Amino acid sequence: PAVCRPVARGTTGRVMRPPVPPRHTDPGWWKTGVVYQVYPRSFADTTGDGVGDLEGITRHLDHLAGEPGSLGVDAIWLSPINPSPGHDLGYDISDYASVDPLFGSEADFDRLVAEAHRRGLKVILDLVVNHTSDAHSWFTASRSSPDGPYGNRYLWRDPAGVDAFGRPIPPNNWVSFFGGPGWEWDPIRGQFYQHTFLAQQPDLNWRDPGTPTAVTEMMRGWMARGVDGFRMDVFNALLKDPGLRSNPVRPGRSPWARQVHLHDKDQPDLPALLASIRAVVDEAPGRMTVGELFDGDVVRAADLTTERHLVFDFELLQTRWSAAAMGRAVERRESAFGPDRWPTVAISNHDQPRHVSRWSGGRDRDALARAAAVLLLTLRGTPFLYYGEELGVPGIIVPNRHAIDPPARGAGPDFPWWNRDQARAPMPWTGEPGAGFTAGRPWLPLPPDAATRNVASQRADPGSVLSFYRALLRLRRATPALHAGAFARVPSSTPGVLAFRRWTPDGRALVVLNLGRRQVTATIDPR
């Protein structure tokens, strides 16, 4: 029989397509599955402009799921695909309800969702709602009409006074994570507006009732198009202190580190706000969110984790590659999350150095890539696999003077910044010129070994990193202890060895990793 579905409209009045149901309906996929992060600019370009697009992602979905020899992941997370001036490469959004023409059309997005669902893949979008672009229509209306419906949509404040030169003084001492003050004077409105990141990224005022209403309407619009969840960008910074009090100061290497951020993030009423946002996602079964914990620790990540709503902690990503350090990090995570909260597992992403480069230290990179795969896919938690990890792709070298990453261009002694371009190189699909990524000039340099380290060459090699990932993902899916089981460290007196066990009532698994530089013989008691 025919099924009638409502047609939703986004905040711009654009008609949203009816939902495309995923092929599998396991409501617990968020806990047992594996999420693959796609950085759209760098995945596959079908137009020859050197920038990846939605059609490129669709054409390569068989690499991820649905076909013999695919990786066998369960979901794809797309970094921002909304229209943006590109000051922060998509994290400065000017229209929440549509697709950036840089990546393709609305129809391209709907086809991507449909083709992903046909293969059993969920689709997760980046939800960047701590701030917008200063080109967003909300900001234009807010700055031009203080008494209008958008007048309080952002954090506007009068100056605290004027300095000796007659210049307005910011309302408090808050700074930008990207360097410099956290307030920008706007001569049009005659007030300062607050920005946690670039001046072109004004922070939304989440204490204005219009903000949550508009954002949740937008979320429902995307879910009506088949979206299965959201990665919530810097979600613990949404609320600021109502009184906008200055932060305490302390010694530190950068302006941001020289403050204790008591008043510009992690406010006491944040859990209530998150619960209201998460309730919108929970209106349909099988959906989830994952929050990016901004400048916080593993204990805070665990505190904000609830059923179907995960939180990234970066304990592993920021840990040295040694059995002792990694063992301590794993135990901190297990202690923080306990048996009742479900963690995430991530060892690379679009903001951090690729782990093969970060951890290699002269080691055999392929051996390290395999060991890291075991760590990623067998620890307790939902794994997030960054594109190219399955090939052992290293980072690229981009000097700051040639950086596309905006903060990197302003790096200096008082603002140390790692150039994020180096983790965002185009995906190498073949050994041909352009690496099968583009027929044009790629927006960033290709990985240095793309001619030999690519999907085509590794697919045909049973000893490749890609073949190892495929086999390990199959094992994980077939072994409940590995994707849903409890966790405990297993002591080992052998230097360089990290061991742990996973178990369910129906089975057990023992995982032993050599994180050292030499082969060793270890005796393990798995009890």
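What follows is a close look at one helix and its packing partner.

Mentor: This is a predicted model, in which local features need pLDDT of at least 70 and side-chain atom pairs count only at pLDDT 80 or more, while totals for chains, interfaces and linings use all residues. Residues are numbered from 1 along each chain as its sequence is written, and side-chain values use heavy atoms, with hydrogens and water left out.

Start with helix 11, residues 365-378. Helices (H or I, at least four residues) are DSSP runs, numbered from the N terminus. At 1.5 Å a residue, the 14 residues of helix 11 should span 20 Å, and its end C-alpha atoms are 20 Å apart, which agrees. The expected span is 1.5 Å times one less than the number of residues.

Helix 11 is mostly covered, as 10 of its 14 residues are buried. Buried means under 20% relative accessible area, with a 1.4 Å probe and protein chains only. The buried residues of helix 11 include L368, A371, A372, L375 and T378.

Now the partner. Two packed helices are described by the angle between their axes and the distance between the axes. Helix 11 packs with helix 14 (residues 465-478) at an angle of about 20°, and their axes are 10 Å apart. Axes are lines fitted to C-alpha atoms, for helices over the stretch in contact, and angles run from 0 to 180 degrees between N-to-C directions. Helix 11 and helix 14 are therefore roughly parallel to each other, a label for angles under 35 degrees. Their crossing is right-handed, meaning that the near helix is turned clockwise from the far one by less than a right angle.

By class, the contact has 10 nonpolar, no polar and 3 charged residues. Here Ala, Val, Leu, Ile, Met, Phe, Trp, Tyr, Cys and Pro count as nonpolar, Asp, Glu, Lys and Arg as charged, and the others, Gly among them, as polar.

Another pair can be set beside this one. Helix 6 (residues 210-224) and helix 7 (residues 270-281) pack at about 25°, with axes 10 Å apart. Helix 6 and helix 7 are therefore roughly parallel to each other, and helix 6 passes helix 7 in a right-handed crossing.

Key:
Helix = DSSP H or I, 4+ residues; strand = E, 2+ residues; numbered from the N terminus. Parallel < 35°, antiparallel > 145°, perpendicular 65-115°, else oblique. Buried < 20%, exposed > 50% of the residue type's maximum accessible area, 1.4 Å probe, protein only.
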